[in-house]
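Q: I would like a careful, close look at one part of this model, starting from a single residue and then moving out to its surroundings. Please take the structure below as the starting point.
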Amino acid sequence: MKVRDKIREFIVVGFVLCLSANQELISQEKQSLVDYVNPLMGTDSDYSISNGNTYPVIATPWAMNFWSPMTAKMGDGWTYKYHDKKIRGIKQTHQPSPWINDYAAFSLMAVTGNLKFQEDDRESWFSHKAETAKPYYYSVYLADYDVTAEVSPTERAAHFKFTFPESNTSYIMLDAFFKGSMVKIIPSERKIIGYCRNNSGGVPENFHNYFVAEFDKDFEINHTWTDGWKILTNATESKGEHVGAIIGFKTKKGEVVHVKVASSFISLDQAQLNLSKEIGKDTFEETKEKAKQAWEKELSRIQVEDDNIDHVRTFYSSLYRVLLFPRKFYEYDKNNAVVHYSPYNGKVNSGYMFTDNGFWDTFRAVFPFFNMMYPDMNGHILEGLANTYKESGWLPEWASPGHRDCMVGSNSAPIIADAFLKGVQNKDTELLFEAMLKNATIEEGRPVKSVGREGLGYYNTLGYVPYNVGINENVARTLEYAFADFTIAKMAQKLGKTNIADTYFKKSLNYKNVFDPSVNLMRGKNKEGDFQTPFNPLKWGDAFTEGNSLHYTWSVFHDIQGLIDLMGGKEKFASKLDEVFQMPPSFDDSYYGQTIHEIREMQVANMGNYAHGNQPIQHMIYLYNYANQPYKAQKKIREVLTKLYAATPDGYCGDEDNGQTSAWYVFSSLGFYPVTSGVDQYVIGSPLFKKVTLYLENGKKFQIDAKNNSKDNLYIQSATLNGDAYFNSFIKFDVIQKGGRLEFNVDKRPNKYWGSKNENVPYSLSNNEFKN
């Protein structure tokens, strides 16, 4: 062999080896599911239109504390907007929604050169080109100061890493925010301690978030500031409405300063304990890796296989959002016992507590998803609900961190009942059932209007909440109370409480009282029994909640067949569904006096009057299955999955809302959706991926295959379950939990016969154990 041939052989072999090595690295990277997640999904939002209204959450799953870069001013619910150009700090946040806003927030920021500490002065230009956002890690280059700021989280702590330039004056400041705060610098211990009390409601008088920040570099400078941004030179302590702490030192080029931060709602000692337990002597890289593995553990419960990388990214980005709320609001004491500060009575109690959740949103798909994939966690959440009842006398409906007056309904009932009926373990079943009945029978003494049932007296006497008695969103309340009654009945039935079950099954038919057959829609009804006039089905709000009659008419989750009968049969029902998509996105916003963002999101989506950006209508597409036309659902579901979602800053079509809009995507991309909480079925749609494997908590594995799946091949031609032909347009919870394989054969032409017989349709009350 000639020399040049040997050289050529060496080059080829080397290239092949390099290619193999690269392929192995790519394969390993693909197995790291958390790196598919884009925390910036949905952050390109503002007050006028929501593409998610999210912020980049740097946290572990269900963590007590989140961290986020902060482009907005203190107190602004839109804490991070993708199109902003400057960062003011990285803050600890507990915000579930910009509309609910934040509590217990404080921030860290680094600057160099002349001291700038006021939030308008200290902000630094940044670019997304020099920003890395992962659930377990965030990094940003603060261009004005030549500083790179990094953070990795634990459940109750975080590890910061600041890389400085050469500077005689480098600073790190802790802003304890407004509405009451305290800081104390302890130079001998390289430490800042203190508390913040900022909140947006829902807290007792003694509410504090205590924090401890430990540095690995001696302080050469220490200042504080007090109210009015007044600096206190060489001071070590400050207390007031809005205070902060500043420490400074000389730095060499590339010098790294670490800060380990933890907080507690219980005490400073508990904050220090949280820091010791969760970070201790760990390096930054160790903290980062632990956070990464925490996400990997939860995300790997669902393995998606497909050749469309964008869909895979959107799936795991959505799953990440589902696993953030409700947040853990408990800590571990020195004996490793679970304890919590109660946002309801201000005491420190034993046991679990969770918060930051609007059940009006999350009863629909988030909690059903937990019951399917994370039942142990949901068991802890139920214990937290029982503790809320013990400590406040009521179940929560919107908690942040305590009871908040927001939204309508009695949606704690379907959350509790669905978990119970699906076997989630909970020691407080009877207590929770008692609490559900209290919501349905007692109106007095409620801490806020959203807790219990507003208008209960009318509902229990007339069978509906009237339009003309000064209670807004009355039809929405009636429909949601009726569904809650159904779930109470289902739970009572399984508990052997037959009389209660019969009573509440009958009450669950109250939805019929607000159905007007003259227009085939839900409509406000006066106390005297006549329907309200004038009536515009396109009018948002008024008798409905963030929607109109075309949206809320379908909120009969438990008895779609009953609704079909009211409308005059399946053809008329399906035609009404068609109408929502085929009409222009017309609307009447007169109730609000402005075009609210939910309306605008419907208008720009080009899907008629279908408003997927808000929750009331998100189950609607699946209702074609009940009318023996599942092929129509398949087409519309695939359209929503691929048109209205993407792992990009504008990747949602409305408020993400505590995981609900994401949960719709996660469920729907698997190929089914939980239309009815409290029922052991999921309604089948159109699977997005070629193969999905669910690794269930009981150790079983359930696989979903879609042969020939592609952009155009979205219609189900046939299906098999564990090798046997399958014709139902639903699949049972127990079938999934036992493990097995569901296989779809899909094609570009609709099969109007698959799942189209009456015996193939999903559950409706009118077709099952209780008949009118």
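What is the relative accessibility of Ala104, and does Ala104 count as buried or exposed?

A: Ala104 has 0% relative accessibility and therefore counts as buried, where buried means under 20% relative accessible area, exposed means over 50% and partly exposed lies in between, computed with a 1.4 Å probe and protein chains only. The model is predicted, so that local features need pLDDT of at least 70 and side-chain atom pairs count only at pLDDT 80 or more, while totals for chains, interfaces and linings use all residues. Residues are numbered from 1 along each chain as its sequence is written, and side-chain values use heavy atoms, with hydrogens and water left out.

Ala104 sits in the loop between strand S3 (89-93) and strand S4 (106-112); helices (H or I, at least four residues) and strands (E, at least two) are DSSP runs, numbered from the N terminus. Although Ala104 is not a glycine, its phi is positive, at about 55 degrees. A positive phi in a residue other than glycine also occurs at Asn336, where the value is near 70 degrees, and Asn336 is placed in the loop between strand S21 (331-332) and strand S22 (338-341).

The packing around these positions can be followed through the nonpolar cores, each a set of buried Ala, Val, Leu, Ile, Met, Phe, Trp, Tyr and Cys residues joined through side-chain atoms within 4.5 Å. In the largest of these, which has 217 residues, Phe369 and Leu694 touch the most other members, and helix H12 (residues 474-495) supplies the largest share, 12 residues. Ala104 belongs to a second, separate core of 10 residues, which also includes Phe207, Phe265 and Tyr341. In soluble globular proteins, nonpolar side chains tend to be buried together.

Moving on to Ser342, this residue lies in the loop between S22 and strand S23 (348-350) and, at 0% relative accessibility, counts as buried. Not counting residues up to four places away in sequence, Ser342 touches Pro204, Lys347, Asn349 and Glu391, contact here meaning heavy atoms within 4.5 Å.

Gly740 belongs to strand S36 (residues 740-747), and with a relative accessible area of 23% Gly740 is partly exposed.

Helix H9 is mostly covered, with 9 of its 10 residues buried, and its buried residues pack against helix H6 (359-362), helix H7 (366-373), helix H8 (375-392), H10 and H12. The axes of H9 (residues 412-421) and H10 (residues 429-441) come within 10 Å and cross at roughly 150 degrees, where axes are lines fitted to C-alpha atoms, for helices over the stretch in contact, and angles run from 0 to 180 degrees between N-to-C directions. H9 and H10 are therefore roughly antiparallel to each other, given that angles under 35 degrees count as roughly parallel, over 145 as roughly antiparallel, 65 to 115 as roughly perpendicular and the rest as oblique. Ser412, Ala413, Ile416, Ala417 and Phe420 of H9 make this contact with Thr429, Leu432, Met436 and Asn439 of H10. By class, the residues of the contact of H9 with H10 are 6 nonpolar, 3 polar and no charged, where Ala, Val, Leu, Ile, Met, Phe, Trp, Tyr, Cys and Pro count as nonpolar, Asp, Glu, Lys and Arg as charged, and the others, Gly among them, as polar. After H9 comes Gly423, whose phi is positive, near 85 degrees, and the loop between strand S26 (398-399) and H9 holds Pro401, which is joined to Ser400 by a cis peptide bond with omega of about -20 degrees.

For helix H18 (residues 630-643) and helix H19 (residues 660-670), the axes come within 10 Å and cross at roughly 130 degrees, and the two helices are therefore oblique to each other. Ile637, Val640 and Leu641 in H18 meet Trp664, Tyr665, Ser668 and Ser669 in H19, a contact of 5 nonpolar, 2 polar and no charged residues.
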